[in-house]
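Please look through the model below before reading on. The text then goes from the whole chain to its details.

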Amino acid sequence: MKKRTKEILEILDEQYGREYVCYLNYETPWQLLIATMLSAQCTDARVNIVTETLFKKYDTLEKFASANLKELEQDIKPTGFYHNKAKNIIACTRDLLLKFQGEVPRSIEDLTSLAGVGRKTANVIRGNIYHDPSVVVDTHVKRISKRLGFTKNDDPEKIEQDLMKELPVDHWILYNIQIITFGRSICTARAPKCEQCFLQKYCKEFKM
């Protein structure tokens, strides 16, 4: 590992600790899968408000799989893109029941074969449910990894590959958790708080 990378990770560990935190509320693997699908283009806080009632109403996979499309759309409307999300949730839960005996699969190939599940969602499941080292590339990770010079790419899959080469395996999941906190509080997309930033000297975009 490069000295510079090691220093950055040590600072992140110091600031945010090494505890695994999931910002989405869930009790079962399939609930995390649905919550992660809902979190696309939506804040985790809003998803948690929606799923609080959603998971009481649809408390089994079977209820999601046989849900009325229009009704489910209304139930998840606050998360945005609800037409697509509702359609994908119904198709995904049917696949889980038919192809995977109601279990959320572990491999990236099986997970991404489900409707509405891309690599980001698959890696959230692999990291949080199965504790398989995986790099989750969300908007914070994409933006900040470029600012830190860990990648020059825009494509999430290429960024994932770059980070897998750059970061030690024990930081793959951790990096995402730390960077989300950092990206929400300091290194925001608009008007980042550069004067408060403890990674200033490593940032490619910071101007003195």
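This is a predicted model: local features need pLDDT of at least 70, side-chain atom pairs count only at pLDDT 80 or more; totals for chains, interfaces and linings use all residues.

Residues are numbered from 1 along each chain as its sequence is written, and side-chain values use heavy atoms, with hydrogens and water left out.

The protein chain has 11 helices and 0 strands; helices (H or I, at least four residues) and strands (E, at least two) are DSSP runs, numbered from the N terminus. Its C-alpha atoms fill a box of roughly 55 × 30 × 30 Å along the principal axes. A compact globule of 208 residues would have a radius of gyration near 17 Å, and the 18 Å of the protein chain agrees with that. This radius is taken over C-alpha atoms, and the globule rule is 2.2 Å times the number of residues to the power 0.38. Of the 208 residues, 47% count as buried, where buried means under 20% relative accessible area, exposed over 50% and partly exposed in between (1.4 Å probe, protein chains only). Among contacts (heavy atoms within 4.5 Å) with a separation of 6 or more, 59% join residues 24 or more positions apart.

Two packed helices are described by the angle between their axes and the distance between the axes. Axes are lines fitted to C-alpha atoms, for helices over the stretch in contact, and angles run from 0 to 180 degrees between N-to-C directions. Angles under 35 degrees count as roughly parallel, over 145 as roughly antiparallel, 65 to 115 as roughly perpendicular and the rest as oblique.

The axes of α2 (residues 29–38) and α3 (residues 44–57) come within 10 Å and cross at roughly 135 degrees, so the two helices are oblique to each other. On the α2 side, the contact is made by Gln31, Ile34, Ala35 and Leu38, and on the α3 side by Val47, Thr51, Leu54 and Phe55.

Helix α3 also meets α5: their axes come within 9 Å and cross at roughly 150 degrees. That makes α3 roughly antiparallel to α5. Val50, Leu54 and Lys57 of α3 make this contact with Glu71, Leu72, Asp75 and Ile76 of α5.

Lys70 lies in helix α5 (residues 69–76). Is Lys70 buried or exposed? At 56% relative accessibility, Lys70 counts as exposed. Lys70 and Arg94 are 24 residues apart in sequence and 17 Å apart in space, C-alpha to C-alpha.
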